[in-house]
Amino acid sequence: MRRIIHFIKSYRKEAVMGPLFKMLEALFELFIPLVVADIIDIGIKNGDSAYILRRCALMVGLGVVGLICSITAQYFSAKAAVGLATDLRFALFAHIGELSHENTDRFGTATLLSRVTADVNQIQTTTNLVLRLFLRSPFIVFGAMIMAFTVSPSAALTFVVTIPALSIVIFGIMLISIPMFRRVQAKLDAVLGRTRENLSGARVVRAFVREGESIADFTATNAELTHLQRFTGRFSALLNPLTYVIINVSILVIIWRGGVQVKLGALTQGEVVALYNYMSQILIELIKLANFIILITKACASGSRINTVFDTQTGLPTYKDTATAQDSTHAVEFRSVSLSYHKNADHALTNISFYANAGETVGIIGGTGSGKSSLVSLIPRFYDVTEGSVAVDGRDVRAFADPKELRAKIGVVPQKAELFAGTVRDNLRFGNENATDEDCREALRAAQALSFVESKEGGLDFMLEQQARNLSGGQKQRLTIARALVRKPNILILDDSASALDYATDAALRAAIAALPYHPTVFIVSQRTASIRHADRIVVLDDGEVVGLGTHEELLNSCAIYREIHESQFGGEEVLA
């Protein structure tokens, strides 16, 4: 929790003033039982109405001042808690944005969303209560015990036994509850993951009439969470009854011993009432403290989960001594590359070697799961190779001190078209924040998207909904291609980014890219041989290995897998003997 507490440093004043005003409120509250005792022992005993009214006025005054202190404390505590949560959420979001693809995959989207939202909100709520109660409750408890000693040292010995007994119960339950709440949060992640999966795939679920199975899967996951929450809740619920039993037994002892001492003349009736009031104050504060402890256990679990994200190294390590490729004329070179996504996992890519010269077009084709996307994701260093090396402009990608320096050379169009809520212009400027409107139009023209953008109301100012739901699949793909072209990259990676385009539009797109004046090195990942047949070099993958390398004509003669893919799309046409 130390790292999280660090975020409250910007709100030191509020973090000090909140507890301070709460202690002032508690101080005024401790005087109330003494005033009540005076009313009973002096005012009521002597029948002095004026004295009773003066003491009642004093109680009202103490209550008003306490209320003002309480409101002031609440203001400062809330300001500090909200400020901490705001800064923490921003830092966590920024940190997640810097995580490598490998770490993002390891956590999962649902878990990261849960930690940025639910866990941070838990920290905010707990911080607010900590600033209000972490000094007030102990101050009231020990203050009431001290005040009880000023009333009757012998009767106050009951407080000395009660408070340690309550502390054992409270902190014992807290220590056992913390790991339970951690397991609850882990199950909550599973429920969020299942929910996200079903909502994002709602159309697929309906198309295959799998609503019943989806509901059953969610119900099973939710039932596990419910069972664990009930078990944890039942254990945590022991806190209140146990504290009530201890406090009420103590109150009975005070009344019994107080009654005996009143009969002997050692105590007055007002002093017995004062002792009872002090024990009641302790009861109220310890109930608050018990609920507060439960929140702390939840916050500790949430803080641990947040710290796990912060403790995860951002980006990828830099290897300063990494050898560079010997032939610097190659724009991109793969040298005996193998890739495993996780330690001890099977290789997704195995012993891959090929190169691309500046301005060349490289086609990459293969069956589903053959490693095409994995291969091109190594160029911008989204993942690190397990063996071998990948070089860009003769320099190993792991030798770049800042990945931004490497990725500034590369334009990537991912398999799934990802666009953000905002204008077309805003989305295009993700590729180049300094791009002019003319630059945007040139990129749109090359991506075969200018005509449909200009047909929209506002043109470049046309507002896209979240995930561009107001565009078709082909329109989304063309906009993502335009976004990559706006930055005028040295290397352009098209990862199956034309799958929603018809053949004519695909052909026009490839012709426009080939005619670009800055002549980028292009990597085209595709399932269509028509999309890569004119490439300078075609890499055929099968189960993570290169099984064919050459031009379209060469591969038709030498590579059975390439020939099979081509024939499945065009029959026997153009197959060379």
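Me: Which residues does N103 touch, leaving out those up to four places away in sequence?
Reply: N103 touches T312 and Q313. Contact here means heavy atoms within 4.5 Å. This is a predicted model, where local features need pLDDT of at least 70, side-chain atom pairs count only at pLDDT 80 or more, and totals for chains, interfaces and linings use all residues. Residues are numbered from 1 along each chain as its sequence is written, and side-chain values use heavy atoms, with hydrogens and water left out.

Me: Where does N103 lie?
Reply: N103 is part of helix 4, residues 101-107. Helices (H or I, at least four residues) and strands (E, at least two) are DSSP runs, numbered from the N terminus.

Me: Is N103 buried or exposed?
Reply: Buried, because its relative accessible area is 13%. The cut-offs are under 20% for buried and over 50% for exposed, with partly exposed in between (1.4 Å probe, protein chains only).

Me: Now L133. Which helix is that in?
Reply: Helix 5, residues 109-133.

Me: Buried or exposed?
Reply: L133 has a relative accessible area of 9%, so it is buried.

Me: What is L133 in contact with, beyond four places in sequence?
Reply: P138, K288 and F292.

Me: And how far is L133 from P19?
Reply: Their C-alpha atoms are separated by 7.5 Å. Along the chain, L133 and P19 are 114 residues apart.

Me: What about F21, where is that?
Reply: F21 sits in helix 2, residues 12-46. Leaving aside neighbours within four places in sequence, F21 contacts C69, T72, A73 and F76.

Me: Switch to helix 15. Which of its residues are buried?
Reply: C440, A443, L444 and A446, in a helix that runs over residues 437-446.

Me: Why do they count as being on the same side of helix 15?
Reply: Because they cover an arc of only 165 degrees around the axis. That arc is the one spanned by the directions from the helix axis to the C-beta atoms.

Me: What covers them?
Reply: The cover includes helix 14 (424-428), helix 16 (450-455), helix 17 (473-486) and helix 18 (503-514).

Me: What follows helix 15?
Reply: Q448, with a positive phi near 60 degrees. For background, most residues other than glycine have a negative phi.

Me: Which residue has a positive phi near 55 degrees?
Reply: D393, which is not a glycine. D393 is in the loop between strand 4 (387-392) and strand 5 (395-396). Its relative accessible area is 39%, so D393 is partly exposed.

Me: And H519, what is its phi?
Reply: About 45 degrees, a positive value, although H519 is not a glycine. H519 falls in the loop between helix 18 and strand 10 (521-525). At 51% relative accessibility, H519 counts as exposed.

Me: Where is G367?
Reply: In the loop between strand 3 (361-366) and helix 12 (372-377). G367 is partly exposed, at 34% relative accessibility.

Me: How far apart are G367 and Y518?
Reply: 32 Å in space, C-alpha to C-alpha, and 151 residues in sequence.

Me: Zoom out. How many helices and strands does the protein chain have?
Reply: There are 21 helices and 12 strands.

Me: Why is the chain called more spread out than a compact globule?
Reply: Because its radius of gyration is 35 Å, well over the 25 Å that the globule rule gives for 577 residues. The radius is taken over C-alpha atoms, and the rule is 2.2 Å times the number of residues to the power 0.38.

Me: What box do the C-alpha atoms fill?
Reply: Roughly 120 × 55 × 50 Å, taken along the principal axes.

Me: How much of the chain is buried?
Reply: Buried residues make up 46% of the 577.

Me: What share of contacts with a separation of 6 or more joins residues 24 or more positions apart?
Reply: 74% in this protein chain.
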